[in-house]
Amino acid sequence: MAAVRDDWLDAFPALRALEPGALDLLRDQGTRMAMPRGTVLFRIGSLCRNFLLLLDGTVRVQMTAETGREIVLYRVGRGETCILTTACLMTRADYNADGVAETDLDAVALGAGAFHELLARSAVFRDFAFASFGNRLLGMMTLVEEVAFGRIDLRLARFLVDHRDERGGLDTTHQALAVELGTAREVVSRQLKEFERRGLVELSRGRVAVRDADALLALSGEERV
C-alpha cells in the first residue's frame, strides 16, 4: 500500500474538479493498492468495505446460480468504478455477486466512511459517483435485454467478431463463452458446431478461429432489424 498522489487523477479527470476540502479528504483517506491477477475482491454475501477506483487492469464481476450456471455481468477497467460496490455502499447491503481480478490491478481504495463523507460534502464527487452508476446501469439493462430476449446465435456471432485477437480468433473454451453470454455450455457448443458446419469458424481445443467475419457480422446484424 502507498499514499495517494495526484498522478492517479489522470484516470479520473472528473475528480480534478473536486472542492479543495474534498480533494484533501480523498488524498488522506485513499490508499493506493496493487493486487495480482486472480485476487478475489469480493464474494456473494460479503460486506462492502471499500470504494475502488481502478487505475489499471480489469475486474470481472459475475453471478453464479444455485444450479452452477454463471454469467458475466460486466467488467471494470481503467478510469471506472464498480456499480455493485457503489450500490452496496449506498444501501449498506452485502454483495450479491463475485468480483475477480482478471489482470494485475492498480487501484485506489476509499473506505466506506470516507466514501459516505465525500457523498455528503462534495457535489462534484456525488455527480461523479452517480454518473458512473448510471452509465453502468444502462449497460446492465442492455445485458438483461440480450439475455432475456436476444437469440443466442446472433449474440455469439457478435461476440466472436468483437473479441478476435490479432490471429483472427479467440483462445477460449465453450464453457467460458457460455459464462460470457449467460447460457449453457451445451447451447454454445451446439451453435459453434453449426457455425463450423457453415464454414464461419474452425474449432480446435481451447481455440475458436473466425473464418468468415463478414458472414458473422451479417448474421449478428439481423438482431437489429
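For these notes I count Ala, Val, Leu, Ile, Met, Phe, Trp, Tyr, Cys and Pro as nonpolar, Asp, Glu, Lys and Arg as charged, and the others, Gly among them, as polar. The model I am working from is predicted.

Entry 1, pocket lining by class. I sorted the residues that line the largest pocket and got 9 charged, 7 nonpolar and 4 polar. The lining comes to 20 residues.

Which residues lie nearest the centre of the largest pocket? I found L143, E146, F159, H163 and E180 there. By the classes above, Glu is charged, whereas Leu and Phe are nonpolar. I noted a volume of about 520 Å³ for this pocket.

I looked up which elements give two or more residues to the lining of the largest pocket, and they are β6 (70-76), α4 (123-149), α5 (152-162) and α6 (174-181). Which element gives the most? I have α4 down for that, with 6 residues.

I listed 8 helices and 11 strands in the protein chain. Along the principal axes, the C-alpha atoms fill a box of roughly 65 × 35 × 35 Å.

The protein chain has 225 residues, and I recorded 42% of them as buried. Its accessible surface is about 11,900 Å². Carbon and sulfur atoms hold 51% of that surface.

I took the contacts in the protein chain between residues at least 6 apart in sequence and asked what share join residues at least 24 apart. The share is 71%.

Notes. Residues are numbered from 1 along each chain as its sequence is written. This is a predicted model: local features need pLDDT of at least 70, side-chain atom pairs count only at pLDDT 80 or more; totals for chains, interfaces and linings use all residues. Side-chain values use heavy atoms; hydrogens and water are left out. On a 1 Å grid over the protein atoms alone, a cavity is a set of points where a 1.4 Å probe fits but cannot get out, and a pocket is an open set with protein on both sides within 12 Å along at least five of seven lines; lining residues have an atom within 4 Å of a point. Grid points are joined across faces, edges and corners, and a volume is the space filled by probe spheres set on the points. Helices (H or I, at least four residues) and strands (E, at least two) are DSSP runs, numbered from the N terminus. Buried means under 20% relative accessible area, exposed over 50%, partly exposed in between (1.4 Å probe, protein chains only). Contact means heavy atoms within 4.5 Å. Accessible areas come from the Shrake-Rupley method with a 1.4 Å probe; for residues, only the protein chains shown count as cover.
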